[in-house]
Amino acid sequence: MKRFALCSITLLGFYFIASAQSPQLLSFNEQRLKINRQGMLVLGAWGLGNLIAGGVGAASTNGRQRYFWGMNAGWGGINALIAGFSYKAALADPASFALSKTVAEQGFINQFLLFNAGLDAAYMVTGLYLKERARRFESGQDNHNRLTGFGDALLLQGGFLMLFDFTMFFIHKSHSKALYQLLEQVSVTSQGIGWVWRF
């Protein structure tokens, strides 16, 4: 019975620590969300720019250029939507993130950005593949124009997104050092679990 009570108290103590909020944790989450908002503003501007320029370009050009601009417009619309939804999510109240949720969110964004960078590389490889396929057709043919235009657009979009995702990853990685310092304040001893508050 004593062991059960000790276990229950320990679990409750851990839950309290994981759910607790501190000025440092609040500041960390404020900055983390700010980084995400700034990143989404950049992505949104890129997306809207591609949507507008791509639409105008597709309507005013022919051949390979029309396919290039049309593909960029499509990517621009998707990126603008992603940026909009992600920006809205980054408007969350920093105080709503306890330590456990903060650790989970930080781990997720780091892995997500690296996963996206892998996708970006795949986009660029696909672009090179389409350009290679285009060589099977004579220059000026619709198949050649389409494959070349789409390939060029994938290289452009994949290149930008890879630069964006790696930049965001390294910014978040640098910022996560503050989270590691917060985690060092949580101490687990034979006497129980505690949080060393430093002001």
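**Exercise 1.** At what angle do helix H2 (residues 23–60) and H5 pack, and how far apart are their axes?

*Solution.* A quick note before we start: this is a predicted model, where local features need pLDDT of at least 70, side-chain atom pairs count only at pLDDT 80 or more, and totals for chains, interfaces and linings use all residues. Residues are numbered from 1 along each chain as its sequence is written, and side-chain values use heavy atoms, with hydrogens and water left out.

Step 1: H2 and H5 pack at about 175 degrees, with axes 10 Å apart. Helices are DSSP runs (H or I, at least four residues), numbered from the N terminus. Axes are lines fitted to C-alpha atoms over the stretch in contact, and angles run from 0 to 180 degrees between N-to-C directions.

Step 2: H2 and H5 are therefore roughly antiparallel (angles over 145 degrees count as such).

Step 3: the residues of this H2–H5 contact split into 16 nonpolar, nine polar and one charged. Here Ala, Val, Leu, Ile, Met, Phe, Trp, Tyr, Cys and Pro count as nonpolar, Asp, Glu, Lys and Arg as charged, and the others, Gly among them, as polar.

**Exercise 2.** Work out how H4 packs on H5.

*Solution.* Step 1: helix H4 (residues 99–134) meets helix H5 (residues 142–183) at about 160 degrees, axes 7 Å apart. That makes H4 roughly antiparallel to H5.

Step 2: sort the residues of the H4–H5 contact, and you get 23 nonpolar, 14 polar and six charged.

**Exercise 3.** Where does H5 bend?

*Solution.* Look at His175: H5 bends there by about 25 degrees (the angle between axes fitted to the seven residues ending there and the seven starting there).

Key
Helix = DSSP H or I, 4+ residues; strand = E, 2+ residues; numbered from the N terminus. Parallel < 35°, antiparallel > 145°, perpendicular 65-115°, else oblique.
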